[in-house]
Amino acid sequence: MSASFPSFDTAIIGGGVIGCSIAWHLAQAGQRVVVIERGAIGQEASWAAGGMLAPLAEADRADAFFDLCVASRALYADFARELRAASGIDIEYRIEGTLYLALTDEDEAELEHRWQWQHAAGLNVKKLKANCVRKLEPLVTDKLRWALKFPDDHQVDNRRLVKALELAARKAGVVFQPRTEALSVEIADARVTGVLTSREHLDANTVILAAGSWSTTIPLQAGLLSHLAKVKPVRGQMVAFEMPEPPLQHVVYARDAYLIPRLSGFVIAGSTTEDAGYDKRNTAGGIASIIQRACALTPALAAQPLVETWAGLRPKAGDDWPVLGADAEVQGLIYATGHYRNGILLTPITAKVVSELVLGGVPSVDLAPFSLARFNLPAH
């Protein structure tokens, strides 16, 4: 490598929770790490998320993706403690659990299926009658029939998580280059040599592509990324209400809506799923639909002031699973993208396995189901 360029062990393209958590882990291991971010650190999908850690509430079956989500959730308590010690920021890891409400015949059918397979698998799921749910959450709709409770599905404040990860990484020595475009990943003799940015060339032995919805907009020399299944943006709009009284304690979930209580006195309601390209603007129809569905779950919200509306772009690969692991053709190129609706949940496990891949070559989780090679195989 040329001594005329800044030199790093690892360059990470993307400064969301995935990129920042990997950077923090690698810097703790003594690596020289740079994070290149096209905008402000952590202000895209990571900032716009809800912070639910809910693999059981959202799982239709057990598979490799479900196992990855459960493994990451199991890391969160220690992850939150370590991050607080490193940054001084409490990410408000909450363990009250998730309540999934059945309001219609279709809801009942879906929840019964979820109950059957998860109960048979020995997972921690409880079936609650409506009166039991109301003891936990008095403000839920009187249209409630019954609910499932997932005690192990938790939540964090994702915006506090963003701040904590950036600060912890900076304290560990990570160099951040915000508002810097990654123009190309540079390759010579089938291995990465660095990244050309809008500011300068950066030498690096390893390049990690963690740019979320922008991952497939970053070219590699000679077009070697053409085989990467497109990671596209999916817009999700969100609304925050002032907390009603008595305050919600649990994440309240339904097939078409969810409510997330925050210790700061807000309730976050979401979300839409829209193919809108890179347009992050809120729409009247999107916000109206969220408010309507939120009030259907908890009618008391209709009288509450609105605090904020926003939208984010979730990075979705072709089969909704993340793209994780080393490139088979280019030495030193690693993918950590396409986390779609589970980026916050999958942050600890992604940081762990990608760091293991960089430092030792053998991750503790089998990444084959999440590799690029799966797009050349029959769908799972």
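1. Contact means heavy atoms within 4.5 Å. With that in hand, take Tyr-76. Leaving out residues up to four places away in sequence, Tyr-76 touches Leu-53, Ile-91, Tyr-93, Val-156, Leu-161, Ile-344, Leu-345, Thr-347 and Pro-348. Tyr-76 sits in helix H3, residues 64-87. Helices (H or I, at least four residues) and strands (E, at least two) are DSSP runs, numbered from the N terminus.

2. A word on the model. It is predicted: local features need pLDDT of at least 70, side-chain atom pairs count only at pLDDT 80 or more, and totals for chains, interfaces and linings use all residues. Residues are numbered from 1 along each chain as its sequence is written, and side-chain values use heavy atoms, with hydrogens and water left out.

3. Is Tyr-76 buried or exposed? Tyr-76 is buried, because its relative accessibility is 0%. Buried means under 20% relative accessible area, exposed over 50%, and partly exposed in between (1.4 Å probe, protein chains only). Tyr-76 and Gly-14 are 62 residues apart in sequence. In space, C-alpha to C-alpha, Tyr-76 and Gly-14 are 22 Å apart.

4. Next, the nonpolar cores. A nonpolar core is a set of buried Ala, Val, Leu, Ile, Met, Phe, Trp, Tyr and Cys residues joined through side-chain atoms within 4.5 Å. The largest one has 49 residues. Which of them touch the most other members? They are Ile-22, Leu-83, Leu-161 and Ile-208. Two or more residues of this core come from each of H1, strand E2 (33-36), H3, helix H6 (158-171), strand E18 (333-337) and H8. H1 gives the most, with eight residues. A second, separate core has 26 residues, among them Ile-13, Val-195, Ala-211 and Trp-214.

5. Look at Leu-161 on its own. Its neighbours within four places in sequence are set aside here. Leu-161 is then in contact with Val-17, Tyr-76, Phe-79, Leu-83, Ile-91, Val-156 and Ile-344.

6. Now the helix pairs. Two packed helices are described by the angle between their axes and the distance between the axes. Axes are lines fitted to C-alpha atoms, for helices over the stretch in contact, and angles run from 0 to 180 degrees between N-to-C directions. The axes of H3 and H6 come within 9 Å and cross at roughly 60°. H3 is therefore oblique to H6. Angles under 35 degrees count as roughly parallel, over 145 as roughly antiparallel, 65 to 115 as roughly perpendicular, and the rest as oblique. The crossing of H3 and H6 is left-handed. A crossing is left-handed if the near helix is turned anticlockwise from the far one by less than a right angle, and right-handed if clockwise.

7. Which residues make the contact of H3 with H6? H3 brings Tyr-76, Phe-79, Leu-83, Ala-86 and Ser-87. H6 brings Leu-161, Ala-164, Leu-165, Leu-167, Ala-168 and Lys-171. They divide into nine nonpolar, one polar and one charged. Here Ala, Val, Leu, Ile, Met, Phe, Trp, Tyr, Cys and Pro count as nonpolar, Asp, Glu, Lys and Arg as charged, and the others, Gly among them, as polar.

8. The axes of H1 (residues 17-28) and H8 (residues 347-359) come within 8 Å and cross at roughly 50°. H1 and H8 are therefore oblique to each other. Their crossing is right-handed. From H1, the contact uses Val-17, Ile-18, Ser-21, Ile-22, His-25 and Leu-26. From H8, the contact uses Thr-347, Thr-350, Ala-351, Lys-352, Val-354, Ser-355, Val-358 and Leu-359. This set divides into eight nonpolar, five polar and one charged.

9. Thr-350 belongs to helix H8. Thr-350 is buried, with a relative accessible area of 1%. Residues up to four places away in sequence aside, Thr-350 touches Ile-18, Ile-22, Leu-324, Ala-336, His-339 and Ser-355.

10. Check the backbone in the loops too. The peptide bond from Glu-245 to Pro-246 is cis, with omega near -5°. Pro-246 is in the loop between strand E12 (232-242) and strand E13 (251-254). The bond from Gly-270 to Ser-271 is also cis, with omega near -15°. Ser-271 is in the loop between strand E15 (266-270) and helix H7 (284-297).

11. Ala-190 is not a glycine, yet has a positive phi of about 60°. Ala-190 lies in the loop between strand E9 (182-188) and strand E10 (191-197). Ala-190 counts as partly exposed, at 40% relative accessibility. Asp-320, not a glycine either, has a positive phi of about 75°.
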